[in-house]
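This report covers a ligand shell and several helix contacts. The sequence and structure come next.

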Amino acid sequence: TQRVLTGITTTGTPHLGNYVGAIRPAINASREPGVESFFFLADYHALIKCDDPDRIERSRLEIAATWLAAGLDTERVTFYRQSDIPETTELNWLLTCVTAKGQMNRAHAYKATVDAAVAAGEEPDANVTMGLYCYPILMAADILLFNAHRVPVGRDQVQHIEMARDVAQRFNHLFGKGKELFVLPQAEIEEGVATLPGLDGRKMSKSYDNTVPLFEGGAKALKEAVARIVTDSKLPGEPKDPEGAHLVTIHDAFADADTRAAFRADLRGGLGWGDAKQRVVQLIEAHVGPMRERYADLVAHPERIEDILQEGARKARATATPLLAELRQAVGLRRMV
Ligand code: TYM
């Protein structure tokens, strides 16, 4: 069997980028025969970026409801909260002890924070917590604890998965005695949507405040967000260049090949951006509208979600504990007799 695993940090409301980059491909992968899947709410990671407990609580509910509304089948998928799996933090420590500081120096997430501080004239490390600095090790623990083969993610996470591979390799080398204690995980990227652009053309991201919410705010919020997608200033009737227009990239993430071709042809033929946006709204709404109803129902019933997550944690721990016991043996944390 192949194991597929992915997580989403619980710091905000899910957006289209999370959906097309991670949720949709992960759910599709979970339906393949012979696949065992582990999807989780990365709420320990959330603490790195967010010190607002209410926001984290709300985000956990919204992200859990999003996965379920998007079609996650709890019979096939082990679905859990990272913070319900104490084995994660234990493995995190074992991995921390074999990870070179120099490797963490290269992590994008930490470097972005340093760059921002320098740009603001602050001390480079002013906003770097040890949580942020070691974030990729915690992520490696998430992945390696379940010996995942495939990790569906957007492009921004690829470096972290490469780091997880490196850590796994090093651990295998030091403690495996010829045996592969850890599977080397592979990032799985969906071409075309690996970096979905946001309203302003930069990567759609909570931190850039340029997201299109997947469900929150209903069809109205979707329409308003799409209306704010930046285009060039060509008027209706003027031919438009579809290549490089982020509206087209967002459109394509929800369109089949014929619809994509027709959209391009119409833009070249002078379709106005206003009408083009209306089409994009309709296309996305046709896809997410039915899910949004399930989402609203789930958010209104947190007790159902809580039950699902507790059952998921039980299953996840049943998988994680034997591996952790083996790792403790391997590193020398053994009983006397
Ligand atoms: P996070 O919460 O930032 O994003 C969740 C997933 O959504 C993808 N994504 C995008 N994909 C395409 N276009 C975009 N604009 C876009 N924005 C976000 C991300 O690539 C990601 O796949 N560290 C991770 C969470 C995590 C994790 C893990 C993932 C923790 N442990 C183990 C995989 C395996 C994160 O912060 O993702």
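## The ligand shell

A residue is near a molecule or strand if its C-beta atom, placed from the backbone, lies within 6 Å of it. The model is predicted: local features need pLDDT of at least 70, side-chain atom pairs count only at pLDDT 80 or more, and totals for chains, interfaces and linings use all residues. Numbering starts from 1 along each chain, as its sequence is written.

Which residues come nearest to the ligand? Of the 26 residues around the ligand, they are T9, G17, G21, V153 and G154. Helices (H or I, at least four residues) and strands (E, at least two) are DSSP runs, numbered from the N terminus. β1 supplies the largest share, 5 residues. By class, the shell holds 12 nonpolar, 11 polar and 3 charged residues. Here Ala, Val, Leu, Ile, Met, Phe, Trp, Tyr, Cys and Pro count as nonpolar, Asp, Glu, Lys and Arg as charged, and the others, Gly among them, as polar.

Two packed helices are described by the angle between their axes and the distance between the axes. Axes are lines fitted to C-alpha atoms, for helices over the stretch in contact; angles run from 0 to 180 degrees between N-to-C directions. Under 35 degrees is roughly parallel, over 145 roughly antiparallel, 65 to 115 roughly perpendicular, and the rest oblique.

The axes of α8 and α9 (residues 158–175) come within 9 Å and cross at roughly 70 degrees. Therefore α8 is roughly perpendicular to α9. P136, I137, M139, A140, I143 and L144 of α8 meet H160, M163, A164, V167 and A168 of α9; contact requires C-beta atoms, placed from the backbone, within 7 Å. The contact has 10 nonpolar, 1 polar and no charged residues.

The axes of α4 (residues 86–96) and α8 come within 8 Å, crossing at roughly 120 degrees. So α4 is oblique to α8. On α4, the contact uses T88, L91, N92, L95 and T96; on α8, it uses I137, L138, A140, A141, D142 and L144. The classes are 7 nonpolar, 3 polar and 1 charged.

## α3 against α13

α3 (residues 53–69) and α13 (residues 273–299) have axes that come within 9 Å and cross at roughly 135 degrees. α3 is therefore oblique to α13. This crossing is right-handed. L61, E62, A65, T66, L68 and A69 of α3 meet M291, R294, Y295, L298 and V299 of α13. That contact has 8 nonpolar, 1 polar and 2 charged residues.

## Helix α6

α6 (residues 108–119) has 12 residues. From first C-alpha to last, α6 reaches 16 Å, close to the 16 Å expected at 1.5 Å a residue. G121 follows α6, with a positive phi near 75 degrees.

Note on methods:
A crossing is left-handed if the near helix is turned anticlockwise from the far one by less than a right angle, and right-handed if clockwise. Two residues are in contact if their C-beta atoms, placed from the backbone, lie within 7 Å. The expected span of a helix is 1.5 Å times one less than its number of residues.
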